[in-house]
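Visitor: I've got a model open and a few things I'd like to ask about it. Could you walk me through it?

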Amino acid sequence: MNSPLSPIDFEDKRLKIKFKLEKRLQKELQALTKDPPTGVKVDAESIYRNLSEWIVDIDGAPESLYEGEKFKLMFKFGSRYPFDSPQVMFIGENIPLHPHVYSNGHICLSILTDDWSPALSVQSVCLSVVSMLSSCKEKKRPPDNSFYVKTCSKNPKKTRWWYHGK
Amino acid sequence: MGNCFKTPNADDISLLRGSDSSESSDQPIGPPPPYQERQNRVPIYHPSPNVSRPANQLSEEEQIKIAKRLGLISHLPTGVYDGSSKKGKECAICMGEFTLGESLRFLPCMHTYHKDCIDDWLMRAFTCPSCMEPVDAALLSSYGT
């Protein structure tokens, strides 16, 4: 007979959640390496060493303003993924010049916070980012870039984003 | 009314404990988690996605929200995977395939998930992860017809 929430139950549940999380991330990684969408590439080797942090290579789509450019997206998965959204930002030398991308790599995209759903995945986030870039009409930084970059947290999920348009 | 959140019954307590086993109903019903003395055993709730708070730090409004969700979740039909599903064979949340004998929950929009997986999500947001349909609206309209 267990009493409710005995330490064993508690530990058991935590392990189950951890196991499920790892299984899901491995499945996502497999799918993304086997059948990657155009312009999206993962370095599976580096990820298998540390499943909770991924770096994904993104190519600017042909015929978009970013054609020929290469970007790096970083994903960080917390222990509550996929119930909580991953942390997603651009890293590296080339941060796309885009009205929803700050110069520190933070992205203003509603599915990364308010509109997140556990049925979304690394793949769907990458596709949203690619399409966000592709639909850009004018390469420029967000109007509040310099203020935001000075005052924001390192973690883009800590920002209270105001989403304009769609 | 008023303190419905604190009154345990078989349904509520199974969800409060984390709903990870179907046998939970034959366990003795103890005091609800908000009264657990040991700090590290206070369950964590998620009044909205990406928000996590120990049960004893929830505002009254959040407690009511969570209590309502517990009630609504218990009205959603459940079942056991028998291999005969015509549509989805995979849970969109954990991306694992359904295996024989696993507990499932069916949402009014006809999407099916592992019971544990979807209950964890519904405790944060009352929408279907696949179609974003609000579950309570669909639940009410399915009663209406």
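Visitor: In chain B, what share of the contacts between residues at least 6 apart in sequence join residues at least 24 apart?
Guide: Keep in mind that this is a predicted model. Contact here means heavy atoms within 4.5 Å. Take the chain B contacts between residues at least 6 apart in sequence, and the share joining residues at least 24 apart is 39%.

Visitor: Is His46(B) buried or exposed?
Guide: His46(B) sits in the loop between β1 (44-45) and β2 (53-54) of chain B. The cut-off for buried is under 20% relative accessible area. His46(B) has 9% relative accessibility, so it counts as buried.

Visitor: Which side chain joins that of His46(B) in a polar contact of 3.0 Å?
Guide: There are two polar partners to look at. The backbone oxygen of Val51(B) lies 3.2 Å from a polar atom of the His46(B) side chain, but that's a backbone atom. The side chain at 3.0 Å belongs to Ser52(B).

Visitor: Leaving aside neighbours within four places in sequence, which residue of chain A is in contact with His46(B)?
Guide: With those neighbours left out, the contacts of His46(B) include Val51(B), Ser52(B), Arg69(B), Met123(B) and Arg124(B). Those belong to chain B, and the list also holds a chain A residue, Arg80(A).

Visitor: Why is helix α3 of chain B largely enclosed by the rest of the structure?
Guide: Helix α3 covers residues 115-122 of chain B. Its buried residues are Lys115(B), Cys117(B), Ile118(B), Asp119(B), Asp120(B), Trp121(B) and Leu122(B). The helix is largely enclosed because the buried count is 7 of the 8 residues.

Visitor: How many residues lining the largest cavity are nonpolar?
Guide: The structure holds 1 cavity of 30 Å³ or more, and the largest has a volume of about 50 Å³. Its lining includes Val88(A), Ile107(A), Thr113(A), Lys157(A) and Trp161(A). Sorted by class, the lining has 1 charged residue, 1 polar and, for nonpolar, 8.

Key:
Residues numbered from 1 in each chain as written. Chains lettered and ligands numbered in written order. Predicted model: local features only at pLDDT ≥ 70, side-chain atom pairs only at ≥ 80, totals over all residues. Heavy atoms only, no water. 1 Å grid on protein atoms, 1.4 Å probe; cavity = no way out; pocket = protein on both sides within 12 Å on 5 of 7 lines; lining within 4 Å. Points joined across faces, edges and corners; volume = space filled by probe spheres on them. Nonpolar A, V, L, I, M, F, W, Y, C, P; charged D, E, K, R; others polar. Helix = DSSP H or I, 4+ residues; strand = E, 2+ residues; numbered from the N terminus. Buried < 20%, exposed > 50% of the residue type's maximum accessible area, 1.4 Å probe, protein only. Polar contact = N/O pair within 3.5 Å; in protein donor to acceptor, adjacent residues only side chain to side chain.
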